[in-house]
Amino acid sequence: MNTIPLLQINNISVVYSDVIQVLKGVSLTVERGTIVSLLGSNGAGKTTTLKAISGLLKPENGRVTDGTIMFDSKTVQNSAPEDITRMGIIQVLEGRQPFKYLTIEENLRVGTATRWGKPYKRDMDMIYEYFPPLIKRRKSLAGYCSGGELQMLVIGRALLAHPKLLLLDEPSLGLAPLVVKEIFRIIRRINEEQGTTIILVEQNAAMALQIAHYGYVMENGKIVMEGKAEELRENPDVREFYLGMAASGTTKSYRNVKSYKRRKRWL
Amino acid sequence: MRKLQFHPCGNYSETYEKEITLFETDFGRAAVLIGLIVLFAVVPFITGPYALYVVNIIGITSIAAIGLNILVGFTGQISLGHGAFVGVGAYAGAIMATTLSLPFWIAVPAAGLVTALVGMVFGVPSLRLKGLYLTIATLAGQFIIEYILVHWEGLTRGTMGIVLPSASLFGIVIEGDRSFFFVIFTALIIMTLAAANIMRTRYGRAFIAIRDNDRAAEGMGIPIFRYKLLAFAVSSFYAGFAGALLAYYMISISTEPFNLGLSVEYLAMIIIGGMGSIAGSIFGATFITVLNEVLRWLTDFLMNSGMLEGMQLNMAPLRELVFGAAIVLFILFEPRGLAEVWRIVRSSFRLWPFSY
Amino acid sequence: MEFFVQLLVNGISIGFLYGLAAMGFVMIFKSSSVLNFAHGELLAAGAFIFLTLVTWAKIPVFVAFLVTLAGSFLLGFIVERLFLRPLIGEPLIYVIMLTVGLASIFKGLMLLVWGGNLYIYPDFLPSTISLQWGNINIPPVYVVAIIIGLFFLTLFGLFFKYSSQGIYMRSVADNQTASLSLGVNVRRVFALSWAIAALVAGMSGIVLGIINGINVHDLSSVGLKVFPVVILGGLDSIGGAILGGLIIGLLETFTGGYLSPSLRDVIPYIALVFILMVKPYGLFGLVEIERV
């Protein structure tokens, strides 16, 4: 078994349109077969990090200006998305972007683009096994499916590409709590059964830390904290800022002052 | 007297009035003034009849191009029927001058108004259509108008064409290139100022908002259909006005020139000149008109010099080729057109010798 | 009655050709949302390449046909590569105007090489494939037009519905970023759709050339007639393109036959405006699914 980490991001900076710097020296390591969760508030640079990995910065006029991204000990920063996806990195975009005018089944077939011409029937059955609700809707247009079905669809679509590294961008966005739970359970299952390495970007930190092995917290384009998922869950800062649990309910005002200071120290 | 204003380095506007002012500096104002004086006092007296004819055509074309730029460059509604609208204006002017025997100064603006109405009719599809579909609707408009101009013989005399009486303004008969020069360029200046000012009002801002994001514009409370229609009306008014001027200037008109090729030519003008720039429309009109004349001259020259004896080289293929190449090259290399080139040249002079 | 049936047959075969021409157009639109104003010129290019090969180079007809198709395919590929690829992501009007400019360039080039004259192909279709019912005669070229139309309609229908590459092409039309994220080679899809479109256009150019003779102006104006056809059928429906072509073809021949020949050329556009008012997305066009 290969012991070097699957993905190593070393001090990367990302600049959009040559002027807007979004990432300022982000480093992270993803071990094989783990779920790594990337937390942080809006605009912290989580999505940009994912796009830097998957090569989707280019259409948005962004570029990795500094640092390296090593995938399987090959550098991949600023490569074309076609090449990166063929190496086995597949990103599931934020906000569920199905092909609205294709049926569910056709949507899934697009997932085979990286290995065009190879058989895919068995994989298809596997996807339906993971996401049973999709079977009933096989022939209907994706544009008319519900949010939960679509989220399953886009994850399933990505799985058909046989990814070594799956980048999930906010799979819980805008879904009902029960559906979120279901989706996270399936993500965990995929990780365990397929051995797929997953980077999970989430707002829903409580959920994410439950299934993740390791976590990073981002703020303003930097990584400000990292640790094992259970450690992060117990960390008072994370508890307060991301899990929304006050450490103690009684001394609120005093707490506020203190947490403000704590927050300042990070930045 | 207030202090003379020069160009600051950077945007230091403190009020909205400053932000939307036509002339940022007194220098610019003076330059335009001097330019106009030169234009009126010198140009008509030093140019020969042919050159003056070209200049006049540039003037008329510029008016129509400004109109198209209001619709396409500012409002974002791509129209392939502008050539036909110019034709409508020409015919409306001609019919008013002959059948209704209206005087010149009424016939030309009235032709503009008639064209504006026609333009609104073809703008109605914009109620339901967006983008590409609207473009195709205007293409249909082009063909239908062309058909009507040729086949409504009772009104337009079909392929025979119409001969106009000579124009007169304030009792003075306008004849010949030089007197037309003054009429055309006075009209052009008025129309340019009007366009520039429309763009500074709420109407202009609404147009730009619709261009940039029509759904957001609607969300902001801009009744987009009404404004789109208005843009069509204004744009066609300019086209009709220019058409009527052209009819008077050319004395006789026929349906031939107002075909799809002309519409494409107008679109090329605003692309080459610069979309969303009024000065750009004039640059573009100048560029295309001069290009046409140069090509005509070049083919004549090649034909007469005997260099290409035996080859059936005529005007059409060369014109098509160069014309297409100009469009393609501009789109690939300077999509913002001559207006942008002009801006770069100007600012490099302004910043010299300390650029950056 | 005979006149009626004859018009019907003519209309259907012309309609199939319009449909074929429109099919290429729809293909480009489907994959890259580009309105191709140079489509008529691609058509004419096919017709002229074939003409040159058959009359000047004297290559056997069938070989010439295949070579023309290959040439058209290549032409479409090159056009996409050189002119459209740099414009990916630019506003619509630039892309539209670019195709307008390209149309102009092609037309100029073809006029330079072949001039504005009317050419005809040597007669090569065997008369045995003409059909005869009583007094109604269907000339061979119309039979060929119908056969080719049906064949390619089925071919492309199957291609887009079932083949992986076809589905990738549709996915790019649908959501470019998402297909990029899944590893669809978007640039190849664009190039392929232009190449296929040019191929189909070239083929309809040849058949139209057999029917009406070959003339730069006539053939390139067919490119504009594609617009009513695709609007009628819906800008993004291959089947709709064929049906739209049939309707426009019939409309034209019947207007020409019963009303007036001069109205013939403008009736498609009148129909176009009417359709746009009543059913903006055509008969088979996709209603935009907007989720805000």
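These entries record what I looked up in a predicted model of chains A, B and C.

**Conventions.** As the model is predicted, local features need pLDDT of at least 70 and side-chain atom pairs count only at pLDDT 80 or more, while totals for chains, interfaces and linings use all residues.

**Entry 1: chain C against chain B.** I began with contact, meaning heavy atoms within 4.5 Å. Chain C contributes 43 residues and chain B contributes 38 residues. The buried area, that is, the accessible area (1.4 Å probe) that two parts lose on being put together, summed over both, is about 3,800 Å² here, and carbon and sulfur atoms give 82% of it. Ile93(C), Tyr94(C) and Met97(C) account for 17% of what chain C buries against chain B, more than any other three residues.

I then looked for salt bridges (a side-chain nitrogen of Lys or Arg within 4 Å of a carboxyl oxygen of Asp or Glu) and found zero between chain C and chain B. Polar contacts are pairs of N or O atoms within 3.5 Å; within protein, one atom must be able to donate a hydrogen and the other to accept it, and residues adjacent in sequence count only if both atoms are side-chain atoms. Two residue pairs meet that rule across this interface, both at pLDDT 80 or more.

For elements, I took helices (H or I, at least four residues) and strands (E, at least two) as DSSP runs, numbered from the N terminus. Those giving two or more residues to the chain C side are helix 4 (92-114), helix 9 (216-233) and helix 11 (267-278). Helix 4 gives the most, with 16 residues.

**Entry 2: chain C against chain A.** In this interface, 28 residues of chain C are in contact with 30 residues of chain A. The buried area is about 2,700 Å², with 58% from carbon and sulfur atoms. I counted three salt bridges and ten residue pairs in polar contact, both residues at pLDDT 80 or more. Helix 5 (140-162), helix 6 (164-174), helix 7 (176-181) and helix 8 (186-212) of chain C each give two or more residues to the side touching chain A; helix 6 gives the most, with seven residues.

Entry 3: Arg187(C) bridges to Glu82(A), with the closest N and O atoms 3.0 Å apart. Arg170(C) and Glu106(A) form a salt bridge at 2.9 Å, N to O. Arg170(C) lies in helix 6 of chain C and Glu106(A) in helix 3 (residues 104-110) of chain A, so this pair joins two chains. I classed residues as buried (under 20% relative accessible area), exposed (over 50%) or partly exposed (in between), using a 1.4 Å probe and protein chains only. Arg170(C) and Glu106(A) are both buried.

**Entry 4: a pair within chain C.** Asp265(C) and Lys225(C) form a salt bridge, the closest N and O atoms being 3.4 Å apart. Asp265(C) sits in the loop between helix 10 (238-259) and helix 11, and Lys225(C) in helix 9, 40 residues apart. Asp265(C) is partly exposed at 46%, whereas Lys225(C) is buried at 10%. Shared partners join Lys225(C), Glu252(C), Arg264(C) and Asp265(C) into one salt-bridge network.

Conventions: Residues numbered from 1 in each chain as written. Chains lettered and ligands numbered in written order. Heavy atoms only, no water.
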